Each structure stands twice: as structure tokens, then as C-alpha cells.
Amino acid sequence: MEVSNELYPVGDEQTKAMLEAGPDGPIVMVNLLKYREKAEYSDGRETDLSGREAYAIYGQAVAKLVEAHGGRIIFAGQVSHLTIGVVDELWDDVALAEYPNRGALVAMSTSAAYAEIAPHREAGLKGQLNIETTHSQAMTGRSAGQ
């Protein structure tokens with residue numbers, strides 16, 4: 001299995017799939033975050049911020065945007081240990097964000113308000129994995145939406 005942290009969808013196929021209607025009901029986005037040691041802004045501005053600090057600026061603002069689009073941040077925390085499996089390098093943080101549907105995520109991430117805060121995300125992150133999930137009846141014994 002090859003793993004590649006990225007900042008945006010890779011290629012036309014991922015972008016096209018993201019813009020499709022998606023599953024019925026809520027989705028939970030699993031964000032596996034890897035920070036830069038020092039923030040790097042694309043506009044060349046000087047900063048003493050670490051990547052984590054720059055991303056924290058983005059994180060506080062994006063949490064409000066997620067809520068404004070009907071979602072919520074379920075969990076955010078630091079990765080402390082890899083219990084099963086092997087990776088070359090662990091991610092720094094994990095965040096779980098729930099949206100009412102994929103369309104709400106797309107609307108948020110293509111909004112003007114998002115564009116204003118995105119430079120802090122880009123400056124802070126070395127890359128990430130962003131995984132869309134749906135509620136699993138097999139794991140919970142409940143259907144989605146219960």
C-alpha cells in the first residue's frame with residue numbers, strides 16, 4: 001500500500017469524484033494531518049509560526065464554517081502511538097468532521113470564506129489524508145441517521 005500525504009485532490013479523477021452527489025445522509029471526514037516544522041506561506045510572508053500554529057489559525061476558523069454548513073467537529077487530537085500496522089512516518093493529528101452530506105462539505109470548501117482562511121492551512125500542512133466515511137450498520141447495529 002502506498003500512502004501519499006497531499007494538500008488537495010490528486011488529479012481530475014479525485015476532483016470529479018468529490019463533486020459527485022455522494023452517499024445519502026451524513027458523512028464523517030477523517031483528516032490525518034502532517035505539519036510542516038515551520039509554516040510556509042505561498043505569498044512569501046515572513047513568519048515565526050510553526051506549521052501546527054498556522055494550522056491552528058485555520059482550524060479555529062474552519063470549525064465555524066463547518067457549523068455554518070450544518071456540520072460539526074466530532075474530535076481533534078494528537079497522534080500518540082501506532083497500535084497496528086506500519087507507516088514510515090506517523091501523522092501529527094487526527095480530526096473528525098461530520099457534515100450532513102458531501103454537498104455541504106463541497107459548499108464549505110469552495111466558499112469565499114474558506115478561501116480567506118485556506119492560506120493558513122496550506123502554510124501549516126506538509127500534507128494530509130482526507131477520508132470520507134459513512135455510518136456503518138455492521139459496526140454499530142444501527143442504520144445511518146439513528
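**Exercise 1. The largest pocket**

Find which helix gives the most residues to the lining of the largest pocket, and describe that lining.

*Solution.* 
Step 1. Start with the helix: H2 gives the most to the lining of the largest pocket, with 9 residues. Keep in mind that you are working with a predicted model.

Step 2. Now look for the other contributors. Helix H1 (11-18), E1, H2, strand E2 (72-78), E3, H3, H4 and strand E4 (125-133) each bring at least two residues to the lining.

Step 3. Next comes the volume, which is about 1,200 Å³ for the largest pocket. Among the 46 residues that line the largest pocket, Met29, Asn31, Arg121, Gln128 and Asn130 are the closest to its centre.

**Exercise 2. A residue at the pocket**

Is Arg121 buried or exposed, and which residues does Arg121 contact beyond its neighbours within four places in sequence?

*Solution.* 
Step 1. Locate the residue first: Arg121 sits in helix H4.

Step 2. Check its accessibility. The relative accessible area of Arg121 is 6%. Buried means under 20%, so Arg121 is buried.

Step 3. List the contacts. With neighbours within four places in sequence left aside, Arg121 is in contact with Leu7, Tyr8, Tyr55, Tyr58, Tyr114 and Gln128.

Step 4. Compare sequence with space. Arg121 and Ala104 are 17 residues apart in sequence, and their C-alpha atoms are 19 Å apart in space.

**Exercise 3. The largest nonpolar core**

Work out which residues of the largest nonpolar core touch the most other members, and which elements give two or more residues to this core.

*Solution.* 

Step 1. The largest nonpolar core has 18 residues, and Val62, Tyr99, Met108 and Tyr114 touch the most other members.

Step 2. Two or more residues of this core come from each of strand E1 (27-35), helix H2 (51-68), strand E3 (93-99), helix H3 (102-109) and helix H4 (112-124). H2 gives the most to this core, with 5 residues.

Step 3. Not counting residues up to four places away in sequence, Tyr114 touches Tyr58, Val62, Leu65, Met108, Ser109 and Arg121.

**Exercise 4. Tyrosine rings**

*Solution.* 
Step 1. The count comes first: the structure holds 3 aromatic pairs.

Step 2. Take the pair of Tyr35 and Tyr55, with 5.5 Å from centre to centre and 55 degrees between the planes. Only planes over 60 degrees apart count as edge-to-face, and those under 30 as stacked, so this pair is tilted.

Step 3. Tyr35 is in strand E1 and Tyr55 in helix H2, 20 residues apart, and the pair links distant parts of the chain. Both Tyr35 and Tyr55 are buried.

Step 4. Turn to Tyr58 and Tyr114, whose pair is edge-to-face, with 5.9 Å centre to centre and 85 degrees between the planes. Because Tyr58 lies in helix H2 and Tyr114 in helix H4, the pair ties together parts that are 56 residues apart in sequence.

Step 5. Check burial again. Tyr58 counts as buried at 6% relative accessibility, and Tyr114 counts as buried at 10%.

**Exercise 5. Residues in loops**

Where are Glu89, His135 and Glu40 found, and what does each have around it?

*Solution.* 
Step 1. Glu89 is in the loop between E2 and E3. At 47% relative accessibility, Glu89 counts as partly exposed. Not counting residues up to four places away in sequence, Glu89 touches Lys34 and Lys126.

Step 2. His135 lies in the loop between E4 and helix H5 (137-140). Its relative accessibility is 39%, so His135 counts as partly exposed. His135 and Val28 are 107 residues apart along the chain, while their C-alpha atoms are separated by 8.0 Å.

Step 3. Glu40 belongs to the loop between E1 and H2. Leaving aside neighbours within four places in sequence, Glu40 is in contact with Glu122 and Ala123.

Definitions and conventions: Residues numbered from 1 in each chain as written. Predicted model: local features only at pLDDT ≥ 70, side-chain atom pairs only at ≥ 80, totals over all residues. Heavy atoms only, no water. Core = buried A, V, L, I, M, F, W, Y, C linked by side-chain atoms within 4.5 Å. Buried < 20%, exposed > 50% of the residue type's maximum accessible area, 1.4 Å probe, protein only. Helix = DSSP H or I, 4+ residues; strand = E, 2+ residues; numbered from the N terminus. Contact = heavy atoms within 4.5 Å. 1 Å grid on protein atoms, 1.4 Å probe; cavity = no way out; pocket = protein on both sides within 12 Å on 5 of 7 lines; lining within 4 Å. Points joined across faces, edges and corners; volume = space filled by probe spheres on them. Phe/Tyr/Trp six-rings, centres within 6.5 Å; stacked < 30°, edge-to-face > 60°.
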